[in-house]
Amino acid sequence: MVGLAVTACGHEAGEDGTATPASGAASPSVTSSTTSSEAPNPTECRTGSLTWTLVLLPTQSSSRRNALLTAANKGSKTCVFTGYPGFSVHNGKANSIEGVGHGHPEPVTLHKGAGVTFDLQYTPRGAKGAGDFCVKEGEALVSAPHNPDRDRTNVPVMDTHHAAAQIDACGDSISLSLPHATTAPSITTR
């Protein structure tokens with residue numbers, strides 16, 4: 001009935017369901033409501049909402065060393081990891097080697113507990129072609145991509161047995177692979 005009354009008063013229903021006067025201007029007294037069933041888009045992941053781990057892998061060749069950097073969503077809200085993380089290894093305040101990504105990563109949606117992992121590759125001290133510029137450190141400074149808060153966090157380096165380890169890298173940069181998603185580890189509650 002209401003629809004008929006609106007049409008009878010010189011209004012027409014527009015494509016979006018709102019009533020408009022026959023002249024085409026929107027009627028100020030008639031509005032459409034959108035449903036709140038649409039979920040809001042997740043925001044970009046923030047450095048502080050992620051749990052970071054950095055694990056050195058066993059040496060497979062004398063010319064390259066590998067490690068894994070993982071960021072897992074510890075927050076209750078879903079976030080999107082959009083790009084490469086900030087990554088650097090400092091030797092004091094002066095010397096540092098930065099992580100450099102190769103390629104264009106697709107955004108990765110991280111639900112609570114889900115993570116994203118990057119393979120790191122670098123030249124260790126003493127390897128062929130290592131050069132003289134080297135940094136040896138037991139932690140790395142990391143941040144989420146685009147980092148609007150400029151938050152950074154120190155992540156300890158560990159080996160595959162969770163013992164303290166050190167990155168001993170030489171050269172201009174540490175290579176970061178395209179990301180791959182990881183699932184949440186099983187959690188046992190007591």
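Which cysteine forms a disulfide with Cys45? The partner is Cys79, and the two sulfur atoms are 2.1 Å apart. Please keep in mind that this is a predicted model.

That link has 85 degrees about the S-S bond and is right-handed.

How many disulfides does a search of the whole structure find? It finds two. The other one to look at joins Cys134 to Cys170, with an S to S distance of 1.9 Å. About its S-S bond the torsion is about 105 degrees, so this disulfide is right-handed. Cys134 belongs to strand β11 (residues 134-137) and Cys170 to strand β14, so here the parts tied together are 36 residues apart in sequence. Cys134 is buried with a relative accessible area of 11%, and Cys170 is buried with 3%. Counting bonded cysteines along the chain, the pattern is 1-2, 3-4.

Staying with β14, which covers residues 167-176, we come to Asp168. Is Asp168 buried or exposed? Its relative accessibility is 18%, and the cut-off for buried is under 20%, so Asp168 counts as buried. What does its side chain pair with? There is a polar contact of 2.9 Å between the side chains of Asp168 and Arg125. Beyond its neighbours within four places in sequence, Asp168 is in contact with Tyr122, Thr123, Pro124, Arg125, Val135 and Lys136.

The largest nonpolar core has 32 residues. Those with the most contacts inside that core are Leu54, Phe81, Phe87, Leu110, Leu120 and Ile167. Take Leu110 from that list. Setting aside residues up to four places away in sequence, Leu110 touches both Cys45 and Cys79, along with Leu50, Ala71, Asn73, Lys77, Thr78, Phe81, Gly115 and Val116.

Leu54 brings us to the strand pairing. The bridge partner of Leu54 in β13 is Val157. Strands β4 and β13 run parallel and are joined by two bridges. How do β12 and β13 run, parallel or antiparallel? They run antiparallel, with four bridges between them. In that pairing, Glu139 has Pro156 as its bridge partner in β13.

Last, the loop between β12 (139-143) and β13 (153-158), where Ala144 lies. Ala144 is buried, with a relative accessible area of 3%. Which residues does Ala144 touch, not counting those up to four places away in sequence? The contacts are Cys45, Arg46, Thr47, Leu50 and Trp52. Also, the C-alpha atoms of Ala144 and Pro85 are separated by 4.9 Å, although the two residues are 59 apart along the chain.

To go back over Cys45: it forms a disulfide with Cys79, and Cys45 is touched by Leu110 and by Ala144. That is where I will stop.

Notes. Residues numbered from 1 in each chain as written. Predicted model: local features only at pLDDT ≥ 70, side-chain atom pairs only at ≥ 80, totals over all residues. Heavy atoms only, no water. Buried < 20%, exposed > 50% of the residue type's maximum accessible area, 1.4 Å probe, protein only. Polar contact = N/O pair within 3.5 Å; in protein donor to acceptor, adjacent residues only side chain to side chain. Contact = heavy atoms within 4.5 Å. Disulfide = S-S within 2.5 Å. Core = buried A, V, L, I, M, F, W, Y, C linked by side-chain atoms within 4.5 Å. Pairing = 2+ DSSP bridges.
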